[in-house]
Amino acid sequence: MTAEVTSDGPAGGSGKRAGPAVHDTGAMDLVTIDDIEQAAMRIRAHVLRTPLVPAPWAGDDDRPLWVKPESLQSIGAFKVRGAFNAIGHLDESVRARGVVAYSSGNHAQAVAYAAKVFGIPAHIVMPEETPAVKVDATRGHGARVVLCGAGERERVAAEVVDQTGAVLVPPFDHPDIIAGQGTIGLEIAQNLPTVETVLVPVSGGGLASGIGVAIKALCPNARVIGVEPELAADTAQSLREGRRVDWSIQDRNRTIADGLRSQPSELTFAHLQTVLDDMITVSEDEIRSAVAEYVYRAHLVAEPSGAVPLAAYRTGAIPPGRTVVVLSGGNVEPALLREILSV
C-alpha cells in the first residue's frame, strides 16, 4: 500500500480548526487496545505511571482541566514508553545487536536510556539544529550520537544500520511504538473514565495514534483532538484533504516547537484518520504563553512541543466538558525558557 504524498505546501487562510473526516484505511492493520494493554504490562517496570493532575488554576468551570505530565518520566518525555515497548518486544538475539534511532531529541533520549537499561549499544542520529540539552542528555545515557543535516535523519540512520547491523527503532512509524505511547491513553481512561476531551500534540503521529486508540476503545464518547503549531500544520491540512501532504523541512523548522517538526507516516496517518475528531492549530505566541502558564500556574516545566495542548485549550475552541491535556515533555533549552519567562 503506497501513501499519496503531494508537494502542495502550507495552505494559507485555513483557520485554526480542521475537522477531519474518517477515511477507509484499506487492509492496513491498526494497533488495538489489546496491543496497548500488552504494552502496558511490558513497560511497567521501566516507565512511570504519571498522575492525572487536576488544574483548578485553569479557571474554566465549563471545561474542568486535568494535566497528564509526561515531563515527569525518567527522560523528561513520553517517548520512553514506546522505546521500552519496542526494544522489549525484540527477540533477545536481535536486541543484542544494538539499536539505531533518529530523532530531534526525546525519542533519542528514550532509546538511549532503554538501551542502557537493556545493556545494548545505541547509535542515535540527530539533526544539527537539535537543542544542546537533548544532545547532551542522549550522550549522557551512553549512546553514540551522529549529527546530520536537516532532512537527512532517515538516510543517515539507514547507513548506520548497514554499518553496525543494529536494529532500527523508528520514532513513530511502528506498531510497537504506537502501542507504547497508547499506554498514556489507557491510564487517562482508567483514572478519569468520564473524560470528554483529550488534547494531544501531533507531529509524526505516534502519540496521538496510540492515545486515540485507547480513548476510543475505553471512553467511546470522548473526543480526541490533535494540536499542531500553525507553522507546522501539515497534519491538519492532510486530514482536511484526506491524503498526506508534504511541507518542506524549511517550513516546519520555523516553529519554536522543535519536537513537532516531523510528518505522519502512512501508518500513523491511517490511525489519525480513524481516531481524531478534530485538529486545532496554535500560534507561536500562544505556545510561548502556555509554556509560561505551566511554570507560573502549574509549577511544571514544559517544552514548547509539550505545551501546545494547553495553548489549544486557551483558544476557547474546546467544547465544554472534562478535558485532559497531555504535557508530552519538559526538555526545554534553559536559554529558551529564560527568554519565554522574561517577557
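Visitor: How many disulfides does the structure hold?

Guide: The structure holds 0 disulfides, a disulfide being a pair of cysteine sulfur atoms within 2.5 Å. This is a predicted model, in which local features need pLDDT of at least 70 and side-chain atom pairs count only at pLDDT 80 or more, whereas totals for chains, interfaces and linings use all residues. Residues are numbered from 1 along each chain as its sequence is written, and side-chain values use heavy atoms, with hydrogens and water left out.

Visitor: Which residues have the most contacts inside the largest nonpolar core?

Guide: They are Trp 57, Leu 65, Val 67, Val 282 and Tyr 294, in a core of 34 residues. The elements that give two or more residues to this core include strand 3 (65-69), strand 11 (278-282), helix 12 (284-298) and helix 13 (304-314). Helices (H or I, at least four residues) and strands (E, at least two) are DSSP runs, numbered from the N terminus. A second, separate core has 29 residues, among them Val 195, Ile 215, Cys 219 and Val 224.

Visitor: What makes such a set of residues a nonpolar core?

Guide: The term denotes buried Ala, Val, Leu, Ile, Met, Phe, Trp, Tyr and Cys residues joined through side-chain atoms within 4.5 Å. In soluble globular proteins, nonpolar side chains tend to be buried together.

Visitor: What do the side chains of Arg 155 and Glu 159 meet in, and at what N to O distance?

Guide: They meet in a salt bridge, with 2.8 Å from N to O. A salt bridge needs a side-chain nitrogen of Lys or Arg within 4 Å of a carboxyl oxygen of Asp or Glu, so this pair qualifies. Both residues lie in helix 6 (residues 153-164), 4 residues apart, about one turn of the helix. Arg 155 is partly exposed at 46%, and Glu 159 is partly exposed at 36%.

Visitor: Which parts of the chain does the pair Glu 196 and Arg 322 link?

Guide: Their side chains form a salt bridge of 3.3 Å, N to O. The pair links distant parts of the chain, 126 residues apart: Glu 196 is in the loop between helix 7 (175-191) and strand 8 (197-201), and Arg 322 is in the loop between helix 13 and strand 12. Glu 196 has 27% relative accessibility and is therefore partly exposed; Arg 322, at 31%, is also partly exposed.

Visitor: How many salt bridges does the structure hold?

Guide: The structure holds 11 salt bridges. One of them joins Arg 243 to Glu 241, with the closest N and O atoms 2.8 Å apart. Through shared partners, salt bridges also join Lys 68, Glu 70, Arg 81 and Glu 187 into one network.

Visitor: How do you know that Arg 153 has no salt bridge?

Guide: The nearest side chain of opposite charge, that of Glu 154, is 5.9 Å away. Here Lys and Arg count as positive and Asp and Glu as negative, while His and the chain ends are not counted.

Visitor: With which side chain does the side chain of Arg 153 make a polar contact?

Guide: The partner is the side chain of Ser 262, at 3.1 Å. A polar contact is a pair of N or O atoms within 3.5 Å; within protein, one must be able to donate a hydrogen and the other to accept it, and residues adjacent in sequence count only if both atoms are side-chain atoms. Not counting residues up to four places away in sequence, Arg 153 touches residues including Tyr 102, Val 125, Pro 127 and Cys 148, where contact means heavy atoms within 4.5 Å.

Visitor: What is the phi of His 299?

Guide: His 299 has a positive phi of about 60°, although this residue is not a glycine. His 299 is found in the loop between helix 12 and helix 13, and a relative accessible area of 67% makes this residue exposed.

Note on methods. Buried < 20%, exposed > 50% of the residue type's maximum accessible area, 1.4 Å probe, protein only.
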